[in-house]
Amino acid sequence: HDSVTGPSNVTRTQLSAAYPNLEFRCLRKRDWSLPHGLKAWQHMFWNRPQFSVGYRLMMRWYAVLIWFYLSEEGYTHVMRMDDDSYITSQIRYNLFGFMRQNNKRYAFRQPTVDDGVGRGYNELIDKFLDDHPNVTPPAQIELYKKERYLGFYNNWFMADVSFFLSQPAISLLLAIDESNLIFTQRTGDLVIQSTLVRLFLQPAEVHWFQDFTYEHMTLCKKEKCGLDIPRGCPQNGGMSRGLGQYSDKEWAEVVAKKVKNRFRGLNCIISIGETYVGAKDVRDCQKLSSRCGFYLQLLDGANETAKRSTWQDYLTSMMAIADADKALQFALANKSTVN
């Protein structure tokens with residue numbers, strides 16, 4: 001819940017009645033303040049000034065400060081879910097129990113590629129690795145550098161808090177924070193979390209959840225985003241179909257179609273795939289045959305090929321129905337002409 005002020009007392013009472021363990025906490029001033037030496041008026045000179053100071057404070061919170069706060073509060077694990085994210089299928093097991101029982105220290109739902117790291121970020125990472133040559137296995141570094149920008153959408157993630165506060169992750173995290181790149185270059189929390197996870201966790205410690213349907217979508221707010229995304233169309237993210245959720249027909253003609261129909265009349269380019277509908281960032285990264293596949297295939301949960309896909313059969317049947325309909329229309333037209 002992101003808000004300058006908390007919910008009203010009436011709302012809190014209603015929520016407490018329905019969810020007795022729910023709490024709202026106000027962040028401390030030190031958790032939502034600019035680092036020493038930075039001033040809010042400087043924002044207009046920072047990279048990508050359309051992102052506000054508040055947005056950058058949010059990025060620093062999820063990249064750096066949240067781990068200290070949660071540890072002080074006695075939490076061992078955390079799950080983030082933005083207030084504009086949606087889980088639209090049932091989860092019939094305890095996610096935190098799954099993480100503990102399977103020795104997972106980080107988990108995500110949607111992979112993506114984010115190259116908006118800002119000037120100086122790659123150089124900072126390389127210098128840290130050069131200065132600490134034994135900090136992580138060479139094979140891990142090679143895997144990271146093969147595609148630096150492969151990351152995990154962290155509008156939904158789960159994590160073991162202690163990982164981010166232990167060596168070597170904490171040293172690199174503090175080096176990133178002290179560089180002020182989060183503010184001056186808009187280096188995002190997605191990028192920072194993904195870097196630490198990929199450099200310092202073995203693939204066996206990372207889980208890609210794919211068994212529930214999840215949606216998070218960011219819409220273009222400018223006249224045009226990039227080369228082909230008009231205002232109001234999905235710029236990032238979309239809906240990912242949970243494995244085993246819905247028949248192909250139900251997914252394509254009901255669930256995904258409802259998502260696509262929200263943008264009717266806006267000239268959006270939104271294709272419906274077997275497991276995803278939305279912007280191209282997730283669509284272009286989630287397949288094991290994509291540029292992200294070399295890493296994703298190492299993770300538990302990357303089981304999209306575990307069973308034979310029926311999607312192509314569905315598409316073939318739809319094409320057959322369309323062809324038959326065209327043939328029927330052609331025959332009716334000819335009959336009308338003859339008569």
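1. Helix H9 contributes the most residues to the lining of the largest cavity, namely 4. The model is predicted, with local features requiring pLDDT of at least 70, side-chain atom pairs counting only at pLDDT 80 or more, and totals for chains, interfaces and linings using all residues. Residues are numbered from 1 along each chain as its sequence is written, and side-chain values use heavy atoms, leaving out hydrogens and water. Helices (H or I, at least four residues) and strands (E, at least two) are DSSP runs numbered from the N terminus.

2. The structure holds 2 cavities of 30 Å³ or more; a cavity is a set of points, on a 1 Å grid over the protein atoms alone, where a 1.4 Å probe fits but cannot get out, and its lining residues have an atom within 4 Å of a point. The volume of the largest is about 70 Å³, a volume being the space filled by probe spheres set on the points, which are joined across faces, edges and corners.

3. Of the 13 residues lining the largest cavity, Asp 114, Arg 148, Tyr 149, Val 191 and Thr 195 are the closest to its centre. Two or more lining residues come from each of helix H4 (121-131), strand E5 (150-152) and helix H9 (189-200).

4. The largest nonpolar core comprises 59 residues, and Trp 67, Tyr 106, Tyr 121, Ile 125, Leu 172 and Phe 200 have the most contacts inside it. Such a core is a set of buried Ala, Val, Leu, Ile, Met, Phe, Trp, Tyr and Cys residues joined through side-chain atoms within 4.5 Å, where buried means under 20% relative accessible area (1.4 Å probe, protein chains only). Helix H2 (residues 53-72) gives the most to this core, with 13 residues.

Key: Buried means under 20% relative accessible area, exposed over 50%, partly exposed in between (1.4 Å probe, protein chains only). On a 1 Å grid over the protein atoms alone, a cavity is a set of points where a 1.4 Å probe fits but cannot get out, and a pocket is an open set with protein on both sides within 12 Å along at least five of seven lines; lining residues have an atom within 4 Å of a point.
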